[in-house]
Amino acid sequence: MTSRPVLLVATVVTALVGVLLGVTQPAAAHSGKQSYVYLSTYDDGLDGRVEYPARDLGPVLGIDFTEDPAVARNMALEHAEAIRAYTAEHLALGGGDTTWTLSFDDAVDVLPVGVGPYIVVPFAVEERFDSAPREFTVTYDGIIHTNDQKDAFLLFENDWGTAVFQNEAEEFIGFSVGRTTQAVTLEDVSTLSSMATVRGLGTDAVRTGVDHLLFVVALLLPVGLLVAGGRLRDPAPSVESVLRRAGAVLGVYAATHSITLWVVGLGGLSLPSRLVTSLVAASLMVAALYAVWPFTSRHLALVATLGIVQGLGFGLQFNDLDLDRRQPLQSLVAFNVGIEIAALVVAALTLAVLLLLRRTIAAGVALYG
């Protein structure tokens, strides 16, 4: 048996899956002409960031950021206190007659985009809330106060109530001369609508993650092709046999990664992201190795072990989206369902291709010749 043809099959299948699932990139809002205020609401609070075009902020503060993102980052770090102080002076949020206290504890950063670097200033509202605020005011006149031709936009990046998550481009309201204080009213949608959006994030965790796509393909390769036997004249297994084996593999995989996802998502386990990333990469390598060299007869035990590791990766993505701070139980259910939908689609496409390939002479020669 040779590994190269099998890996080629895996690559072809994965490419087909990626095309059919329609992997897309999120749209970007940045035009280079406006500043942007991003907000995210949680069950207990609110945070966000301001993003300034470096070419506009530099003259205001007397800083030469240049168009080189690396140089701009160095200059932003050097002048971080001045940038935070400027942001605190020109940004205010509050509810009723109360102005909320803003903290600027996270590091100033630089976002490199084609139109020129943006200076990123994270902030958080220090007040805690019984539920996510739905009505408040935002005042912002950064850059605008020095140039009446400039404007800015407020965007909600994440808000469970309005089913908005990972929004980078859809503007909510604008700021300009004479319109620097704006009232915000968030109209809630149904819980099912929010869960449907989170379900989409779970699906995206698989369809936009090449490692997760390859992992599912690697799990099914031994089921769809290699169980046919060790010689070209051996009969191919029945479709029923392949589907039964595939169902067992997918069931064990779904159960184990779901358990780990829930443990991580509910705060029962926290590991460094670098360690999790390394473990996920290692699990993919082991699955790929097993696909071309079945080194153990305990196939389902191996799938369970690798599924636990994959669940750590899903849990890390869940927490990176801050979904653990927004209706965590509903979010976990929806995110988990989204993952299973994507995994089933990938599995169905993979098995369809493998069931066709295993009956061709070329496949038999490649696998057993």
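I began with the second largest cavity, which holds about 30 Å³ of space. The model is a predicted one. I listed the residues around this cavity: Gly-32, Pro-53, Ala-54, Arg-55, Glu-67, Val-115, Gly-116, Pro-117 and Tyr-118. Sorted by class, I have five nonpolar, two polar and two charged residues in that lining.

Next I asked how many cavities of 30 Å³ or more the structure holds. I noted two.

I then turned to the largest cavity, with about 40 Å³ of space. Its lining consists of Ala-218, Leu-219, Ala-287, Tyr-290, His-299, Leu-302, Val-303 and Leu-306. Which helices each supply at least two residues of this lining? I wrote down helix H6 (210–224), helix H8 (273–292) and helix H9 (299–320). H9 gives the largest share, four residues. By class I noted seven nonpolar residues and one polar residue, with no charged residues, in the lining of the largest cavity.

Open pocket next. I looked up the second largest pocket, whose volume is about 270 Å³. I recorded 14 lining residues, and those nearest the centre of the pocket are Gly-48, Arg-49, Asp-106, Pro-122 and Phe-123. Strands E1 (35–41), E2 (46–53) and E7 (118–125) each contribute at least two residues to the lining of this pocket. Which element gives the largest share of that lining? My entry is E7, with four residues. The class count for the second largest pocket is six nonpolar, three polar and five charged residues.

Last, the backbone. Most residues other than glycine have a negative phi, so I looked for exceptions.

I found Thr-66 with a positive phi of about 65°, although this residue is not a glycine. I placed Thr-66 in the loop between helix H2 (54–61) and helix H3 (69–78).

Ile-143 sits in the loop between strand E8 (135–140) and strand E9 (152–158). I put Ile-143 down as buried because its relative accessible area is 4%, and the cut-off for buried is under 20%.

Note on methods:
Residues numbered from 1 in each chain as written. Predicted model: local features only at pLDDT ≥ 70, side-chain atom pairs only at ≥ 80, totals over all residues. Heavy atoms only, no water. 1 Å grid on protein atoms, 1.4 Å probe; cavity = no way out; pocket = protein on both sides within 12 Å on 5 of 7 lines; lining within 4 Å. Points joined across faces, edges and corners; volume = space filled by probe spheres on them. Nonpolar A, V, L, I, M, F, W, Y, C, P; charged D, E, K, R; others polar. Buried < 20%, exposed > 50% of the residue type's maximum accessible area, 1.4 Å probe, protein only.
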